[in-house]
Amino acid sequence: LQWFDNYTESLEALAAGTIDGNCQTLNDTLSFGADAVNGEVAVLVNDNSEGNDKIIVDDTIQNIWTLKGKRIALEAGVVDDFLMTLALESVGLRRNDVHVVNMDTESAAEAFVAGEVDGVGAFPPFWDTALQRSGSRELVSSKDFPGAIPDLLVVSQSLIDQHPKQV
């Protein structure tokens, strides 16, 4: 087993073929799978996010509509970007209606606590950090979109070819 402090690096490692499998969300599998050198196959749904992914905001944001024009820190292209897009689309807004500040999730939470951005997309334990900001609150979570963010065990096609019974 190999631990990655940065989620995106684990996605890149699987796509590059430097690891054989990864736990990742469906939308991230779709995003990175096209670049995978050894193919990627989801072999197990091991969880379904029911509130673990959150958009945390400051007290100037009262609802999803008031995200428009705000600076939201998140890892562009991965799970909480997807969650934010779902939330925006649920009220007729688009992703480009907010100003995305692209940074890794840990840095995004820290930037939110420091008051550098108006909101943050984060997963545990980083939304705990974000909620330390005075006046912060959860605006939306994956619980609001049941089934939209399944967590998968994804392995390379080459691992399946080499060890089909174990996979």
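**View A. Ser49 is buried, with a relative accessible area of 2%.** Buried here means under 20% relative accessible area, exposed means over 50%, and partly exposed is in between, using a 1.4 Å probe on protein chains only. The model is predicted, so to speak of a local feature takes a pLDDT of at least 70 and side-chain atom pairs count only at pLDDT 80 or more, while totals for chains, interfaces and linings use all residues. Residues are numbered from 1 along each chain as its sequence is written, and side-chain values use heavy atoms, with hydrogens and water left out. Look for Ser49 in the loop between β2 and β3 (54-57); helices (H or I, at least four residues) and strands (E, at least two) are DSSP runs numbered from the N terminus. Setting aside neighbours within four places in sequence, Ser49 is in contact (heavy atoms within 4.5 Å) with Ser142, Ile149 and Asp151. For scale, the C-alpha atoms of Ser49 and Glu75 are separated by 17 Å, with the two residues 26 apart along the chain.

**View B. Ser142 sits in the loop between β7 (137-141) and β8.** Ser142 has a relative accessible area of 0%, so it counts as buried. Its contacts, apart from neighbours within four places in sequence, are Ser49, Glu50, Gly51, Asn52, Asp53, Leu83 and Ile149.

**View C. Tyr7, Phe123 and Phe126 are linked into a cluster by ring pairs.** Two aromatic pairs turn up in a search of the whole structure. Rings of Phe, Tyr and Trp (its six-membered ring) pair if their centres lie within 6.5 Å, and planes under 30 degrees apart count as stacked, over 60 as edge-to-face and the rest as tilted. The ring centres of Tyr7 and Phe123 are 6.0 Å apart and their planes meet at 70 degrees, so this pair is edge-to-face. Because Tyr7 belongs to helix α1 and Phe123 to the loop between β6 (119-122) and α5 (126-130), the pair ties together parts 116 residues apart in sequence. Phe123 also pairs edge-to-face with Phe126, at 5.7 Å centre to centre and 75 degrees between the planes. Tyr7 and Phe123 are both buried, and Phe126 is buried as well. While you are in the loop between β6 and α5, find Pro125: the peptide bond that reaches it from Pro124 is cis, with omega near 0 degrees.

**View D. Two charged side chains sit over aromatic rings: Lys54 over Trp127 and Arg133 over Phe112.** The test asks for NZ of Lys or CZ of Arg within 6 Å of the ring centre and within 35 degrees of the ring normal. The charged end of Lys54 is 4.4 Å from the centre of the Trp127 ring. Arg133 lies over the face of Phe112, 4.5 Å from the ring centre.

**View E. The largest pocket holds about 830 Å³ of space.** A pocket is an open set of points on a 1 Å grid over the protein atoms alone, where a 1.4 Å probe fits, with protein on both sides within 12 Å along at least five of seven lines; lining residues have an atom within 4 Å of a point. Two or more lining residues come from each of α1 (7-16), β1 (21-25), β2 (40-48), α4 (105-113) and β8 (150-156). The top contributor is β1, with five residues. By class, the lining has twelve nonpolar, eleven polar and seven charged residues. Ser10, found in helix α1, is buried at 5% relative accessible area. Not counting residues up to four places away in sequence, Ser10 touches Phe4, Ile19 and Asn22.

**View F. Helix α2 (residues 26-33) has Asn27, Asp28, Thr29 and Phe32 as its buried residues.** Among the elements covering these residues are α1, β1, β2, α3 (79-90) and β8.

**View G. Arg95 lies in the loop between α3 and β5 (99-102).** Is Arg95 buried, partly exposed or exposed? At 33% relative accessibility, Arg95 counts as partly exposed. Neighbours within four places in sequence aside, Arg95 is in contact with Ala76, Asp81, Met84, Thr85, Leu88 and Val100. The C-alpha atoms of Arg95 and Phe82 are 9.3 Å from each other, the residues being 13 apart along the chain.

Conventions: Points joined across faces, edges and corners; volume = space filled by probe spheres on them. Nonpolar A, V, L, I, M, F, W, Y, C, P; charged D, E, K, R; others polar.
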